[in-house]
Structures are given as structure tokens and as C-alpha cells.
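Subject: Structure for you to look at

Hi,

Here is the structure I promised to send over. Please open it alongside this email, and my notes follow below.

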Amino acid sequence: MLRRSSRSPHRFLAALGVASAAALVLAGCGGTTGDEGADDATSKPGASDVPSVFGAFATPLEEPWDGAIHAALESAEEDGLIAYDHTDNLHTADEMERALRDIATNQKPDIIIGDAFAAEDAVRAVATEFPDIAFAFGSGGEEQAPNFSVFDNWMQDPAYLAGMLAGGLTESGTIGVVGAMPIPEVNRIVNGFIAGVEETNPSATVTVSFINSFFDPATAKQAAEAAIAGGADVLFAERDGVIAAAQENNLPVFGMMVDQQDQAPEHVVSSLLWNMRPTVDAIVEAVVAGTFEASNLAEYSFMVNDGSSLAPINTGTAFEIPADLIEKVEAKQAEIRDGSFETPVDEEAPAGSTTIGE
Amino acid sequence: MNFPLFAILAATLTIATPLVWAALGAVINERAGVLNLGIEGTMYAGAFCGFLATAMSGSLWFGVAAALVSGLLAGALMALLTVTLGVNQHVAGIGTTLLLVAVCNFTNRLLFSDGSQTTTEKFDRLLPGGGLLSQYPMTYVAFLILAPALWWVLRSSGFGLRLRAVGENPEAADAAGIPVAKTRYAALILGGALMALGGSFLTLSLLGSFTIDIVSGRGWICIALVIFGRWQVWPVVGGALLFAVADALQLQLAITPLFSDVPNEVLIAFPYLVVILALAIWGRGVRYPGAYLKPYRRA
């Protein structure tokens with residue numbers, strides 16, 4: 001027994017070292033592929049002619065919210081507008097702050113774009129320290145002079161149009177929404193959707209489930225099954241997992257962030273799309289012109305500025321989408337685009353079950 | 001709105017399925033004296049490898065096989081660390097989980113992160129329209145084959161007796177000629193396979209796709225369920241069902257008008273509160289396996 005206890009600390013430390021080193025190396029690989037992007041950007045001829053943009057994301061890029069920003073920045077790089085580099089999975093405030101300070105000191109980009117929801121104070125503090133760099137961050141707060149602009153996924157317009165379609169498609173009069181958590185970014189989309197339902201179906205009931213996670217598709221699917229058991233026959237998948245439930249139960253469903261039609265070609269009616277390109281273009285233009293100042297870039301995510309849209313309505317669904325319903329939605333879309341209709345923005349948490357008109 | 005009782009019970013069986021597979025894997029590990037905190041990572045590896053192999057080959061059975069192999073390897077890694085090297089089991093387990101999750105996320109990014117989601121074939125529910133009985137094949141296997149078989153193996157088979165012996169008193173087992181290290185290796189490899197198959201239920205049965213963080217702490221819930229069930233097969237299955245029925249119930253209550261005003265956070269916490277309460281009531285004075293957490297070395 002004595003011999004064992006005298007030996008175990010060495011074994012313990014050795015294995016601790018091996019296991020944690022391996023885990024760290026691999027975690028590092030998983031979290032950051034920014035290095036590859038760096039090589040790309042610097043080897044490109046004429047990279048110095050265009051502003052350099054660094055993306056700093058709190059979640060892995062697989063999270064659709066940051067994925068949409070990343071996609072827009074990549075497309076801007078392809079168009080030759082920017083040199084782009086990025087890092088992700090900066091999931092604590094101190095990690096984000098350290099990374100930002102490192103980027104600002106060593107890479108000296110012209111613009112840093114990212115999301116600040118989990119680290120508002122840290123991000124704003126770094127922005128104050130580096131006034132020559134333009135900061136544009138997804139944020140629930142206000143802009144901060146002189147160099148910190150904010151944007152967000154203002155997708156109430158396509159949500160309203162999807163709601164109109166859902167209200168017209170339901171036969172049971174009940175529609176199920178499954179969302180991440182009742183935060184303003186999600187609430188205004190869900191409330192926009194409910195307002196749209198009201199327009200085409202003034203007596204419908206909309207149930208809203210929150211799964212309290214950004215990534216838990218298995219629970220999201222169970223929440224969708226619960227909505228179906230509660231009578232829902234049309235679903236809105238604010239989160240992944242819901243489309244699988246719609247497909248199994250042969251029900252119409254609306255996707256989110258990217259066009260998800262290929263996931264269930266006979267069941268996804270349409271998807272709400274967020275296009276960050278107008279926001280990115282506005283930032284880059286201002287920086288190139290030397291006129292960048294802190295502002296709220298929300299309007300660039302509105303449908304009127306092509307910042308959000310409804311994916312083309314699926315024509316190959318297993319059920320029929322009435323032509324007059326599509327006409328109504330297209331007419332409303334035209335009104336939103338020409339500015340004659342403005343979707344109301346409501347950031348209050350929706351109730352678990354809302355019966356319109358009660 | 002009438003209250004869909006049968007739908008809640010059907011959802012209970014579905015929610016409990018991955019927990020039953022993985023928690024029974026943990027029972028095998030712990031009865032042999034090894035706490036396997038690699039469970040979360042092993043489930044994750046099973047979910048990802050099953051999805052990966054199905055996406056590459058187009059065959060679900062290939063996916064199941066890949067999940068199984070990933071579990072065998074994860075179990076073998078835990079055995080190498082805890083049995084051969086005799087390191088602290090908490091550290092080895094957490095390290096294994098971090099390693100497996102990171103490897104899967106890394107591979108997922110290299111292969112699948114192009115902005116769209118890759119979907120694969122998935123298992124269909126048996127007996128569609130059969131209400132409570134309309135479940136995925138793995139749910140049937142879990143309750144009708146796995147649990148009874150494991151109960152019998154642990155209680156009556158030679159392997160089960162040797163496994164319990166090395167978990168209770170490895171010195172005595174060794175003296176009786178039972179190979180302690182080999183038995184523990186077998187327990188960890190078999191348990192790892194069950195955990196990985198439990199993880200693969202999420203991708204190959206429920207969703208037909210992989211999303212990062214897909215296991216979302218189900219492995220840690222299983223660790224609690226094993227203690228709740230006092231390392232015995234049927235109580236552990238019962239614990240999984242208790243958690244699952246609470247989860248299914250809260251998902252339904254959240255959208256029922258009567259409960260619409262209850263704060264969302266309270267309902268989401270409900271299944272966890274049930275498990276904590278159950279642990280507080282029945283989890284006191286538990287008797288851990290005699291050699292729990294102890295590496296075995298011949299004196």
C-alpha cells in the first residue's frame with residue numbers, strides 16, 4: 001500500500017500532462033482555423049489595397065448567427081472588397097478581450113467585426129483603447145463613440161411573411177414555434193411571426209417553446225413533438241431539430257438563417273434569411289471613405305435594405321400552398337420593400353400559448 | 001385543449017432511450033470499479049462517428065458499426081489511462097471527454113462546415129401510428145433486450161460475477177485467479193460501446209444530422225442516474241424514465257395555456273429538480289462499489 005501511494009503522484013501527473021496537452025492541442029485546432037485564412041489573405045496580391053477585416057466570434061462558426069456574419073465577410077473577400085481573417089469560439093469575456101487586444105496590437109486590422117453579446121463590457125473597453133480601428137459588433141446595446149458600431153439580426157420582416165404563410169396553411173388552427181431562449185433577438189422574430197399569423201388567420205393559436213440552448217436539436221425536436229401533440233400542424237424552426245419532427249409527421253415547417261429546403265424538400269415551405277452583406281458593405285464603404293463613425297447599423301438588416309429576406313417559397317411540397325396565399329404574401333413583401341409597410345418590433349417574451357384575438 | 005397523456009408517455013420513452021444506453025454502459029464501468037467521466041465525450045463520438053459513417057457510406061448500419069467501434073476505442077483509451085497507467089479517474093475521464101469532443105468538432109469543421117447542414121438517412125419509427133408503441137428500433141432494443149440481458153449478465157453470468165468481484169474487492173478477485181486488468185478492460189470497452197450507441201441514437205434515429213454540442217450534458221445526467229439507481233440495472237432504467245417523464249411533461253406544460261404564465265426557467269429546470277430531489281431522498285447512504293475510483297496494483 002505504501003509503495004502504491006508513493007508511486008501514484010508521478011503517474012497521476014504524467015497522465016494529467018498527456019491528457020490535458022492532447023486535449024488542449026485538439027481543442028485549439030477545433031476552435032480556430034483562422035490561421036489558414038491568414039495565409040490566404042496575406043498571399044493574395046493587392047491585399048493591402050483593400051481594408052483588412054478581422055472576424056472575432058464568441059461561438060463556433062457552426063452557430064448560425066455567427067455563421068451568417070462569417071459567410072457575408074467571406075463573400076466580401078471573394079468580391080475583392082476586403083482582406084479577411086477570423087477566429088472563433090471565444091466563449092468567455094476574458095478570452096474575447098485577450099483575443100481582441102492581441103488582434104488589435106499585432107494584426108492591426110482596419111476593421112474588427114464580431115459579436116459582443118456575452119462580453120459587452122470587455123469588447124467596448126478594447127474598442128476605447130484602439131480608436132483607430134473600426135469596431136462593428138452584434139450587440140443588444142447602443143453604439144459607443146467614436147468607433148464602436150452595433151448591428152443585430154433584425155429579421156422581423158421575413159418572420160412576418162412566414163407567419164402569414166403559416167396562418168394560411170394551418171388546418172387545425174394551431175401553429176408551433178420552437179426557439180432558443182426568450183431574449184430580445186429571438187423574441188422579436190417570434191413576435192413578428194405571430195403578427196404575420198394574425199394577418200391571415202385572426203383566430204389561430206400559436207404555441208412557443210424555448211429549449212434554453214442554442215444547440216440542442218434533440219430537445220428542440222421533442223419540443224416540436226410536444227407542439228404537435230398539442231394540436232399544431234405547422235411548425236417554425238427557430239432552432240435545428242424541428243425540421244426532422246415536421247418531416248416525420250408530414251407537416252409544413254419554416255427554416256431559419258439559411259435556406260433549409262434541402263433538409264426536407266417536401267416539407268420546408270421557406271426559410272428566414274439574414275444577409276449581413278449590406279451591413280458589411282456599409283462598414284467597409286465608410287472606412288474606405290474615411291467617414292466611419294459609431295452608429296447603429298440595424299437598418300442594414302431590414303428587408304427594405306436586402307438585409308433579410310424570405311427564401312423562395314418551395315413549389316415541391318407534399319401539401320398544396322394556395323396560390324392566393326402566396327399572392328398575399330408577395331403583395332405584403334412588396335409593401336415592405338417599398339417602405340409602405342413596417343413590421344412592428346416587439347421584444348417582449350411571447351407566452352407559451354397565444355390565442356390571437358383573446 | 002385536451003391533455004395529450006399518451007404523447008407524453010411516448011415522448012418519455014424516446015427521451016429516455018439515449019440515457020438508458022449510456023447509463024447502463026456506465027453501470028458496467030462502475031461495477032468494475034471505474035468511474036468513466038469520458039461518458040459525455042464517448043456519447044459525442046458515437047453521435048458524430050455514426051453520422052459521419054452514414055453520410056460517407058449512405059448506410060445506416062455502417063453508421064451503427066462506426067459508432068460501436070468509436071465506443072470500443074474510447075473505452076479502451078479510458079482503460080489504458082485508468083487500468084494500465086492507474087491515473088486519477090476524474091482527470092482521465094474529463095480529459096477523454098475534452099479530447100473526443102474536440103476531435104469530433106475539428107473533423108466536423110473540416111468535412112461539413114460549409115454553412116449548410118448535411119442530412120443523412122435515419123431509422124424510421126416502428127409501428128407508425130401506434131401511439132405509445134411507435135418508437136425507434138433502438139428504444140425497443142434498450143428496454144426489451146439490453147436492460148434484461150445486462151441484468152442477467154451482471155447477476156448470473158460468470159463474466160458478471162468476475163466483473164463485480166474486481167469492482168468490489170480486486171485483491172480477493174486476484175487471489176481467486178480472476179484477471180483484474182483484463183476484466184476491467186472488458187468492462188470499459190463494453191460500457192464505452194453502449195455509451196457511444198446511446199449517442200448515435202441522437203443522430204441516427206432522432207435527427208439524421210449532426211450539430212455541435214449535440215449531446216448537451218446527457219452524459220453527465222447518466223452519471224447521476226447511476227448513483228440514483230445504486231449501480232443496479234432496473235433502478236437505473238427507472239431513473240432514466242423518471243427524468244424523461246419530467247422532461248416530456250415540462251415540454252408539454254410549457255405550451256399549455258393553463259401553465260403559460262409559469263416562468264419558462266422554472267419549467268426547464270423541472271426535470272433537473274426532480275432528479276436532484278430524487279437523489280436527495282433515495283441517494284443518501286448509498287454504498288459505492290468497494291474498489292470505486294481505486295486503481296489496482298499487486299502489493
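Where is the place of Met257(A)? Met257(A) sits in strand 9 of chain A, residues 253-257. I raise this residue because most residues other than glycine have a negative phi, and most peptide bonds are trans. Phi of Met257(A) is near 75 degrees, a positive value in a residue other than glycine. Bear in mind throughout that this is a predicted model.

There is also a cis peptide bond, and it joins Ala145(A) and Pro146(A). Omega there is about 5 degrees. Pro146(A) lies in the loop between strand 4 (134-138) and strand 5 (148-151) of chain A.

Domains of chain A

Chain A is divided into domain 1 (32-151) and domain 2 (156-273 + 306-355). Their C-alpha centres lie 31 Å apart. How many residues of domain 1 of chain A are in contact with domain 2 of chain A? Four are, and they meet five residues of domain 2. On the domain 1 side, the residues that touch domain 2 divide into two nonpolar, one polar and one charged.

The five-stranded sheet

Five strands of chain A form an open sheet in the order 2-1-3-4-5, and the pairing is parallel. Strand 2 (83-87) and strand 5 of chain A stand at the edges. Each has a single partner strand, so one side of each is left without a neighbour in the sheet. The twist averages 20 degrees from one strand to the next.

Strands 4 and 5 of chain A pair in the parallel sense over four bridges. Within that pair, Phe135(A) stands opposite Phe148(A) in strand 5 of chain A. Helix 3 of chain A packs on this sheet. The helix touches strand 1 (52-56), strand 2 and strand 3 (111-115) of chain A. The direction of helix 3 makes about 155 degrees with that of strand 2 of chain A.

The seven-stranded sheet

Chain A also has an open sheet of seven strands, in the order 11-10-9-8-6-7-12. Here the pairing is mixed. Which strands stand at the edges? They are strand 11 (308-310) and strand 12 (353-355) of chain A. Each has a single partner strand, so one side of each lacks a neighbour in the sheet. The twist averages 15 degrees from one strand to the next.

Strand 7 and strand 12 of chain A pair in the antiparallel sense, over three bridges. Val206(A) stands opposite Thr354(A) in strand 12 of chain A.

Where chain A meets chain B

The contact takes 49 residues from chain A and 47 residues from chain B. Four elements of chain A each supply at least two residues of the side that touches chain B: helix 1 (2-31), helix 3 (64-78), strand 7 (205-210) and helix 8 (217-229). Which of these gives the most? Helix 1 of chain A does, with 14 residues. By class, the chain A side divides into 25 nonpolar, 16 polar and eight charged residues.

One pair of helices to look at spans the two chains. The axes of helix 8 of chain A and helix 10 of chain B come within 9 Å and cross at roughly 55 degrees. That makes helix 8 of chain A oblique to helix 10 of chain B. Their crossing is right-handed. On the chain A side, Gln222(A), Ala223(A), Ala226(A) and Ala229(A) of helix 8 take part. They meet Ala248(B), Leu251(B) and Gln252(B) in helix 10 of chain B. This contact has five nonpolar, two polar and no charged residues.

A helix pair within chain B

Helix 10 (residues 233-253) of chain B also meets helix 11 (residues 264-282) of chain B. Their axes come within 8 Å and cross at roughly 155 degrees. The two helices are therefore roughly antiparallel. Helix 10 of chain B passes helix 11 of chain B in a right-handed crossing.

From helix 10 of chain B, the contact residues include Leu242(B), Phe243(B) and Leu253(B). From helix 11 of chain B, Leu267(B), Phe270(B) and Pro271(B) are among them. The residues of this contact divide into 11 nonpolar, one polar and one charged.

Best wishes

Note on methods: Residues numbered from 1 in each chain as written. Chains lettered and ligands numbered in written order. Predicted model: local features only at pLDDT ≥ 70, side-chain atom pairs only at ≥ 80, totals over all residues. Axes fitted to C-alpha atoms, helices over the stretch in contact; angles between N-to-C directions. Parallel < 35°, antiparallel > 145°, perpendicular 65-115°, else oblique. Left-handed = near helix turned anticlockwise from the far one by under 90°. Contact = placed C-beta atoms within 7 Å. Nonpolar A, V, L, I, M, F, W, Y, C, P; charged D, E, K, R; others polar. Pairing = 2+ DSSP bridges. Domains from an automatic or database assignment.
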